Amino acid sequence: MRIEGWLLAATIAFATSAVLAESDVDKGLAIAQEADRRDTGFHDFRAELTMLLRNRQGEESSRVMRSQSIEVDGDGDRTLIVFDEPRDVQGTALLTYSHKSGDDDQWLYLPALKRVKRIASSNKSGPFMGSEFAYEDLASQEIEKYGYRYVRDEEFDNQPAFVIERDPVDENSGYRRQLVWIDKAEYRPLKIEFYDRKDSLLKTLLFKSYRQYLGRYWRAEEMFMENHQTGKSTLLTWKTYEFQVGLSDADFTKNSLKRAK
Amino acid sequence: MAERFFDRLLSYRWWVIAAVLLAIGVMGAGARLLSFSNDYRMFFSADNPQLQAFETLQNTYTKNDNILFVIAPKDGRVFKASTLATIEWLTKEAWQIPYSIRVDSVTNFQYTSAEGDDLLVRDLVKDAETLDAEQIAAAREVAINEPLLVNRLISPSAHVAGVNVTIQLPGEHLTEVPEASDFARELADEVRQRDPDVDVYLTGMVIMNDAFPKASKQDMQTLYPLMFVLVIVFMGFMLRSVSATITTAAVIVMTIVGTMGLTGWIGLRLSPPTTIVPVIVMTLAVADCVHILIIFLQGMRRGLARIPAMVESLRINLTPVFLTSVTTAIGFMSLNFSDAPPFRDLGNMSAMGVIIAFVLAVTFLPCLMLVLPVRVAQVPADGQVRMAAFAEFVIRRRNLLLWSMAALIIALISQLPRNQLNDVFVEYFDEQIDFRHDTEFAINNLTGIYLIEYSLPAAEGKKISDPEFLRHVEAFADWYRRQADVLHVNAITDIMKRLNKNMHGDDPNWYRLPDANDLSAQYLLLYEFSLPFGLDLNNQINVARDATRLTVTLRTTSTEELLALERRAKEWLQSNTPASMHVDGASSAIMFAHIGHRNIRSMLEGSTVALALISAILVIALRSIRIGLLSIIPNLVPIGMAFGLWGLLVGQVGLALSVVAGVTIGIVVDDTVHFLSKYVRAQREQGLSPEDAVRYAFSTVGTALWVTSAVLVVGFGVLALSTFELNAGMGLLTAITIAIALVADFFFLPPLLMKFGGMRHAH
């Protein structure tokens, strides 16, 4: 009897936790879906961005680029980034077709070589332009790229927020998991903590100065990423956001790479 | 006055014992605050210029503390499915090592190739078990021809491979190093279990840092008990009294507890050099006890009652024991001149120990002796008889001794220049330590752990993509590759050349530097996009992109060879590159290469100050400028002779030996003090001739001198068994110095005194 008793208790405990876990998973996914829903339908946008890189010694260096994106029905966004500074990479352009699953497609145009090169790589976690942002941090955040779990409610920066955990599906991701603080009012990410493969805190990303465009889409003007393990940081500043400027698929082809100066 | 004080002291003996026990207990409570330092940087002061240069370089680029797994398949073939699968598994699991930020191996090497206008970037080996022989052979070809891999993560014959884990320690807790190392060791065990066909070796800076406390703890477990047993046996034999032996044991235990406890209160961190402090302190405490107990027991044998015998012993010994304690403490404190903090700690801790031992020897020891039963066995005073015969011999043969000793002194001292500086840090550890053994395997089979690193800046206003700058970097890398003892050179130019080739359809003719500034910069951008997690160009390029890191890996070389190579490299830079590139190399190996020089210079100052202070004290204490100055000879000569002998027998000196002069000067002087104080007293109080004064000195302190010297030689000799070569060398040379000092005091000082040491005012 005693053993059966324990077994019964254990089974009930296990089942209960499974049910709880199930509801946490549902709730996490629901929050992510709602955030995604609110941010879908902008069609296209353009912006200028500046990255300020800083190392442990406090040495700084900056990068300037322009970015444009277009939404694709049933798949990830397409993005074209043109580099303006440093001067020796001026005119270099990166075109990305992000996909809901599998590797993204990337082409890079090198003006000094006058050639478009496709980069076939599974690496998503390498540094973007030497910054603390990995490519996967900046790529479009498709729902399918993560598994979700609601963790808790928590106030962040005087705003009530959900904390959800998301686990990358891609085995090439550099992260085991991310904790995302999403404000309850507008479903905007306020803060993301990135945990590396051994589950120690690697980086923290803070979103600052949100502004609303077209009366609907929220964009943070500043994204500050700090690497806790190396002491390096990057401040990414977005300027001159323009939505629905009439971009079409033709602006996101290999040929458009060379034209984009 | 001293007599009245000691009478009172002895009459309150129970109170004294209780008070001393309480005081030592309070001090000893600090021992729980003790901790071990586990960072090789502990050997460098914050203002050490080589440390500063290296820290600047490490802060500019990614820090490269590491753990290196060396995988050696028993059949000598890395490129086969099972071994590659093991490496692939380890490469994945090693990401779990605490504080790891990057794992590199032949399997996850980012192999780039061209296919039309596609640039393919992939792991060199993926899903090893599914690969066929042809694919494996192709991967092998790539690996052993890849400059980034050969002699770094794969041996040229592909018989051994490495998995290198870059570790970024926050540096906040002492537990970080063992956490990472223990995890790595467990992982290595797992590899051995999964794949019995491979041997696994572990090395790297983190493993070395972890070995410091491990070696220290091993020393504690072997040296402390050994020394303790030796002391007990020795005292039992010498004093023939159970109570005296117990009392000595109690004094040394309390001295150690007090010293280590105070160290804890002060907050010093233990290091391999300071691990030996208890042995040193034990040795010096025994010397104090011997002097007091021998006279006390002699008194009782002459028929004195216990209390008068003890008061008499204290009266006779107080001044010389106090004097020798002070001079010994001064000698140890001269270690504060050392550039290496662990030796400053060693000096200060030993000095504290000496003072505590003195206080215990004149308070606790007599009180405890009086509460314990003392039975005096009537032993024939054959010691004194032999000493008298010995004195006669020295007096008779004084001229022969004087000149033959002088010849021996000159002969030995002339061998001093044979000593060469050598501080090769892996050799700081004994072969018993796994780290030494594994590292030697790695060095002999895969790659070195001695590096020279450069941060090469481009000309003013230029970026590192400047073609002329890149050509200079390439030439510098090529120059280094032509040097003997260079295993590997890591330079950004190899990546540039490979990318240039990839961008031209993998045409080998394009394996050369791009000739335009923009092209290089755009290649770097492209390369960055292809990099995997944990790797960025900051590893090799600074944030401002106007300087690049070049890393040279060396086989084990002596300090002199390393410094000579670095000097030649500087000369090459000066005559072949623009002024911006005329920089010095920096690395932990370079830091250790300079540490011997720096310490010898600083310790020469320290020892000189100590010698001056000690000589001044002797002049005042002996109240004779002439004798005081004469004492400098027997105080100074033994250290010169010992180093000369060392030059003949060993020929290599380094960091640890630079402090021997400081350590020994205060100890060597003790024998001189005891001998001279008796000699002077005989002349002054009894008006004896120099010859008779020598006879008197031998008969009163001769036995005590050789006994204490023997204890000291044994004590420091025990250190020669340390697993830490720094301690072993220091112990051995100190023991040799003390032995030579005894010889000088017995054979050279008396003839010297008889020739030059007549007291003017004696009549």
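Helix H11 (residues 306-333) and helix H21 (residues 588-622) of chain B pack at an angle of about 165°, their axes 9 Å apart. H11(B) is therefore roughly antiparallel to H21(B). Angles over 145 degrees count as roughly antiparallel, those under 35 as roughly parallel, 65 to 115 as roughly perpendicular and the rest as oblique. Helices (H or I, at least four residues) and strands (E, at least two) are DSSP runs, numbered from the N terminus. Axes are lines fitted to C-alpha atoms, for helices over the stretch in contact, and angles run from 0 to 180 degrees between N-to-C directions. The model is predicted: local features need pLDDT of at least 70, side-chain atom pairs count only at pLDDT 80 or more, and totals for chains, interfaces and linings use all residues. Residues are numbered from 1 along each chain as its sequence is written, while chains are lettered from A and ligands numbered from 1 in the order in which they are written.

The crossing of H11(B) and H21(B) is right-handed. A crossing is right-handed if the near helix is turned clockwise from the far one by less than a right angle, and left-handed if anticlockwise. From H11(B), Leu323(B), Val326(B), Thr327(B), Ile330(B) and Gly331(B) take part. They meet Ala610(B), Leu613(B), Ile614(B), Ile617(B) and Ala621(B) of H21(B). Two residues are in contact if their C-beta atoms, placed from the backbone, lie within 7 Å. This contact has 8 nonpolar residues, 2 polar and no charged. Ala, Val, Leu, Ile, Met, Phe, Trp, Tyr, Cys and Pro count as nonpolar, Asp, Glu, Lys and Arg as charged, and the others, Gly among them, as polar.

A further helix pair in chain B joins H15 (residues 398-413) to H26 (residues 725-756). Their axes lie 9 Å apart at an angle of about 115°. The crossing of H15(B) and H26(B) is left-handed. H15(B) contributes Arg398(B), Leu401(B), Leu402(B) and Met405(B). The residues from H26(B) include Phe747(B), Phe748(B), Pro750(B) and Lys755(B). In the contact of H15(B) with H26(B), 9 residues are nonpolar, none is polar and 2 are charged.

Chain B also holds an open sheet of 3 strands in the order E8-E10-E9, with antiparallel pairing. Strands pair if DSSP finds at least two bridges between them. E8 (450-457) and E9 (486-490) of chain B are the edge strands, each with a single partner strand, so one side of each has no neighbour in the sheet. Neighbouring strands of this sheet are turned by 20° against each other on average, direction ignored. E9(B) pairs with E10(B) (residues 547-554) over 4 bridges. Within this pairing, His488(B) has Thr553(B) as its bridge partner.

Overall, chain B has 26 helices and 11 strands. Its C-alpha trace spans about 105 × 50 × 45 Å along the principal axes. Of its 763 residues, 55% count as buried (20 or more other C-beta atoms within 10 Å of the residue's own; exposed means 12 or fewer, partly exposed in between; C-beta atoms are placed from the backbone).

The contact between the chains takes 33 residues from chain A and 40 residues from chain B. E6(A) supplies the largest share of the chain A side, 6 residues. That side has 12 nonpolar, 12 polar and 9 charged residues. E6(A) runs parallel to E4 (residues 118-123) of chain B, joined by 3 bridges. Ala120(A) has Leu120(B) as its bridge partner in E4(B).
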